[in-house]
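Take a look at the sequence and the 3D structure below.

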Amino acid sequence: MKTLSFDSKRCEPVRQNLDSYLSNELLVETVSEVMRHLESCEACSQALESRMRVRDALQRAVASQPVPDSVRADVLRSLRKSQPRSFLHLNTKIWAVGGLAGIALALFSLFGLLWLGLHHGKELVATILKLGVSDHVLCTIKGHNYPEVANPPDEIRKKLGARYAPVVQVVQERLPGFEVLEGHICSPQGNREYVHLITRGQGTIVSVILTKRNGASLPTVKSLLSDESAGLSIYQDHISGMEIAGFESAQYFVFIVSDLSQNEVRQLARGLAPVLNETLRSTALTRLSPLSVSLAVPSNRQWRASR
Amino acid sequence: MDSFDPQDEVAAEPPVPQEICDEDVLNALSKVAVEFREVVLLADVEEFSYKEIAETLKIPLGTVMSRLSRGRKLLRQELAEVARAYGINADARQGGTVEAI
């Protein structure tokens, strides 16, 4: 007869951490402790193995359940609207559908909604933010299109033209400790224009980039937001080794890109967003060519909260 | 820290079959209260992090952990009922046909 020995003094701390261990949520040090114990404790080892088996069975069972067409259509319709309250609204719908299809189907509909909403939103944010990183890397880093000594502000304003000149002053004032080195209008590969201000401060270079939204919009999924400033939603990501923060303003996406820390870039975005938003709203900027946002998922994006 | 039930020791845990069909899993899952079920699904099926689940459901991180722990345990208990329905008992467990969960 097989007997499993449970030593409460040794096993209990491990059992307390078993769920987090299974979810890969423990600190490295704690993982090592748990692993050491599991190597010598058959009871806990079997407890973990059984939990893993249940989890695997659950994954297989859920994967075998198709999402009803009506629910999928509701989800996609809601995502297109991109309304912040659509989740709650749709949850109600889903449960209504589930009432007809049975409790299990309702559950998987809810689950599917969350899954689809988050993934769609994440991909959309990454796709849009990648535009800013690409502009920064191509023009600032690889192109090094800025002088060692800052160009005179009047010269920068002249290059940007009367419509964009106010942006120079806003950036200079709202990014304390940063000096505007250069400003120009870029046109990468001739298919999209963006206003590009290159600043220097805190020992590094920071790009402020404006590009026309042309109907595209960042999602309004609350859980994807990084921060808010005066009602403006700020999104962040770490892409191609760069930190980027972005927000929508009038007809524009505004990006702040740098190799500063995530928090530093967020603070810059917070400081810049309200005033720049007001400036852009009061300026009829119509010169930029249409922005075409591809919904293809960038191959090199990295999520900060990677799973 | 996950909530830990002192009764949750191997010797006291009910057995479940080695092989569980999808229907049994779904039936067991449907008997777990929604508040626990949604956390289990987001963590174990979608593999969202605790932080992502907390943000999605707008609940504290500690609540995610406790609900997940509780939800997993409830699911194991429901699956143990399946085992009992199959006629599996403690003797069978000791014989190695099932394992404690």
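**Strands of chain A**

Two strands count as paired if DSSP finds at least two bridges between them. This is a predicted model. In chain A, strand E4 (residues 227–229) is joined to E5(A) by 3 bridges, and the two run antiparallel. One bridge links A:Ser229 to A:Leu232 in E5(A). The hairpin of E4(A) and E5(A) has 2 residues between the strands. There, A:Ala230 takes a positive phi near 50°.

E5(A) also pairs with strand E6 (residues 242–249) of chain A. This pairing is antiparallel too, over 5 bridges. A:His238 has A:Glu243 in E6(A) as its bridge partner. E5(A) and E6(A) form a hairpin with 2 residues between them. In the turn, A:Ser240 has a positive phi of about 50°.

How many residues of E5(A) are buried? In this strand (residues 232–239), 6 of the 8 are, so the rest of the structure largely encloses it.

**Nonpolar cores**

In soluble globular proteins, nonpolar side chains tend to be buried together. The largest nonpolar core here has 49 residues. A:Leu129, A:Ile244, A:Ile256 and A:Ala269 touch the most other members. Beyond its neighbours within four places in sequence, A:Ala269 contacts A:Ile234, A:Ala245, A:Phe247 and A:Ile256.

**Layout of chain B**

Chain B has 5 helices and 2 strands. From the N terminus, their order is β-α-α-α-α-α-β. Of the 101 residues in chain B, 45% are buried. Take the contacts in chain B between residues at least 6 apart in sequence: 74% join residues at least 24 apart.

Technical notes
Residues numbered from 1 in each chain as written. Chains lettered and ligands numbered in written order. Predicted model: local features only at pLDDT ≥ 70, side-chain atom pairs only at ≥ 80, totals over all residues. Core = buried A, V, L, I, M, F, W, Y, C linked by C-beta atoms within 7 Å. Buried ≥ 20, exposed ≤ 12 C-beta atoms within 10 Å, placed from the backbone. Contact = placed C-beta atoms within 7 Å. Helix = DSSP H or I, 4+ residues; strand = E, 2+ residues; numbered from the N terminus.
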